[in-house]
Each structure stands twice: as C-alpha cells, then as structure tokens.
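User: I am new to this structure and would like to learn how to read its features, one at a time. Could you give me the general idea first and then the case at hand?

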Amino acid sequence: MADPARRRATYQDVIDSPEHKVAEIIDGELYLSSRPRMRHASAAFNLSGELGIPFGRGRGGPGGWLFLTEPELHFGEDVVVPDLAAWRRERLPSVDGDATFLTLAPDWLCEVLSPSTEKLDRAEKLPVYAMAGVGHVWLINPHQRTLEVFRLHEGKWLGLAVHRDDQRVRAEPFDTFELDLALLWADVSGLPFRASESGAMYGEDKAVL
C-alpha cells in the first residue's frame with residue numbers, strides 16, 4: 001500500500017517516464033519495468049497468433065473477440081499495461097484508432113512473467129484486475145514453461161489449472177480451441193528456467209515519489 005506521506009503518482013508521471021520503460025501506476029505508486037527479453041516477447045507473440053486467428057479473425061474458430069497487445073488500461077487512478085488483452089466484440093466492437101488508452105475492463109488478459117516483474121504481476125496487478133472486473137487471467141512463465149489459468153469468482157481469483165511444457169490444453173475462456181503449449185516456447189533456444197535459480201527473481205523498479 002502506498003505511503004500516505006509520499007506524493008501519489010499521476011498520469012503525468014507516466015507521460016514523463018523514459019520511453020524504454022513500461023510505466024504503470026498502482027495505488028498511487030509509479031512502477032517502471034524494463035522491456036521484456038526475447039523469451040518473454042516470443043511467448044507473447046506466439047500466444048497472440050494462436051488465439052488471434054481463431055478467436056479474433058474467426059479462421060478455424062468462432063471469432064467474436066478483439067485482441068490488443070500491451071494496451072494501456074485506466075481503472076480509476078490505476079494505470080496498467082498487460083502483455084495481451086481481449087474483449088468480446090459485443091462489449092467492444094472496435095477501438096478508436098487515436099485513443100491512447102482504454103477504460104473498459106477486458107474479458108481476458110495475459111501477463112507473461114519475467115524474473116523482474118513476477119512479484120508486481122501477482123501481488124499488485126492481479127488485485128487491480130479483480131477490482132476492475134476482468135473475467136479471466138492467464139499467467140505464462142516462459143522460464144518454467146507453464147500456463148496458469150484463473151477465473152474471477154465473487155471478486156476473487158479462482159485458480160483453475162496449471163499446464164506446462166508441451167501439453168495440449170483447453171483453457172477458459174478459449175476452451176473451444178486446443179492450444180499446443182509447445183508452440184509458445186518453440187522459437188527460443190536454451191534450457192527451461194530452474195526453480196533453484198530464483199534467488200533474486202523479484203526485482204521490479206518502483207519509483208518513489
């Protein structure tokens with residue numbers, strides 16, 4: 001929780017942040033995160049392709065969804081930037097091309113975890129998403145090669161499943177489609193992340209104002 005003696009961050013602080021950082025405000029605190037590494041970026045891109053074609057474009061799937069990559073979302077004074085987000089088209093048929101942010105909570109979003117942002121994503125952003133009424137959240141860890149699936153239930157996150165490695169899964173809210181997890185990690189070389197290497201994995205930058 002923010003220290004009441006500190007100045008609460010405002011959207012001007014987001015605007016003034018370095019361009020190479022992802023700037024977010026949660027409970028009056030400004031968080032600056034580095035741009036993702038290639039393992040992170042590859043997993044996010046591959047997931048957007050796997051879901052966007054059947055659910056966004058309706059090719060080989062039901063369609064009916066609008067997907068965005070790294071949208072800036074404003075929920076009251078909180079400003080967050082998930083890696084991926086999607087809205088059912090009956091709620092958001094299209095977006096204003098000149099808009100810089102959205103205030104309508106997505107029906108689904110995904111955070112791709114990295115050692116420097118996992119604590120922020122779990123401890124700070126998940127409660128914000130619940131309060132905003134986001135229906136489903138996926139957490140992907142490209143180091144451990146896992147997918148965690150959550151559904152909002154009575155204002156709290158209900159963990160539905162943890163999938164890993166090369167499993168083929170059906171995960172809400174896209175469970176009419178079988179997702180091959182191996183495709184998410186296919187373009188990255190190197191061994192999976194080991195839990196024993198997690199000594200200093202929680203180190204996001206938090207700007208003190």
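User: Which helices each supply at least two residues of the lining of the largest cavity?

Analyst: Rolling a probe the size of a water molecule over the atoms shows where empty space is left. On a 1 Å grid over the protein atoms alone, a cavity is a set of points where a 1.4 Å probe fits but cannot get out, a pocket is an open set with protein on both sides within 12 Å along at least five of seven lines, and lining residues have an atom within 4 Å of a point. Here H2 and helix H4 (182–185) each supply at least two residues of the lining of the largest cavity, where helices (H or I, at least four residues) and strands (E, at least two) are DSSP runs numbered from the N terminus. This is a predicted model, in which local features need pLDDT of at least 70 and side-chain atom pairs count only at pLDDT 80 or more, while totals for chains, interfaces and linings use all residues. Residues are numbered from 1 along each chain as its sequence is written, and side-chain values use heavy atoms, with hydrogens and water left out.

User: Which residues line the largest cavity, and what is its volume?

Analyst: The lining is made of Arg39, Ala43, Pro142, Arg145, Leu184, Trp185 and Val188. A volume is the space filled by probe spheres set on the grid points, which are joined across faces, edges and corners, and for the largest cavity the volume is about 30 Å³. By class, this lining has five nonpolar, no polar and two charged residues, where Ala, Val, Leu, Ile, Met, Phe, Trp, Tyr, Cys and Pro count as nonpolar, Asp, Glu, Lys and Arg as charged, and the others, Gly among them, as polar.

User: Which residues of H2 are buried, and what do they pack against?

Analyst: Buried means under 20% relative accessible area, exposed over 50%, and partly exposed in between (1.4 Å probe, protein chains only). The buried residues of H2 include His40, Ala43, Leu47, Leu51 and Phe55, and the buried residues of this helix pack against S3, S6, S7, strand S8 (136–141), strand S12 (179–180) and H4, with contact meaning heavy atoms within 4.5 Å. Ala41, also found in helix H2, counts as partly exposed because its relative accessibility is 30%. Just after H2, Gly58 takes a positive phi of about 75 degrees.

User: How should I read the largest pocket, and which residues are the closest to its centre?

Analyst: The largest pocket has a volume of about 420 Å³. Of the 23 residues that line it, Ser34, Pro36, His40, Ser114 and Thr117 are the closest to its centre. The largest share of this lining, three residues, comes from H3, and the residues of the lining divide into seven nonpolar, seven polar and nine charged.

User: How many aromatic pairs does the structure hold?

Analyst: Rings of Phe, Tyr and Trp (its six-membered ring) pair if their centres lie within 6.5 Å, and planes under 30 degrees apart count as stacked, over 60 as edge-to-face and the rest as tilted. The structure holds nine aromatic pairs, and one of them is the edge-to-face pair of Tyr11 and Phe101, at 6.0 Å centre to centre with 70 degrees between the planes. This pair links distant parts of the chain, with Tyr11 in helix H1 (residues 11–15) and Phe101 in the loop between strand S6 (84–88) and S7, 90 residues apart.
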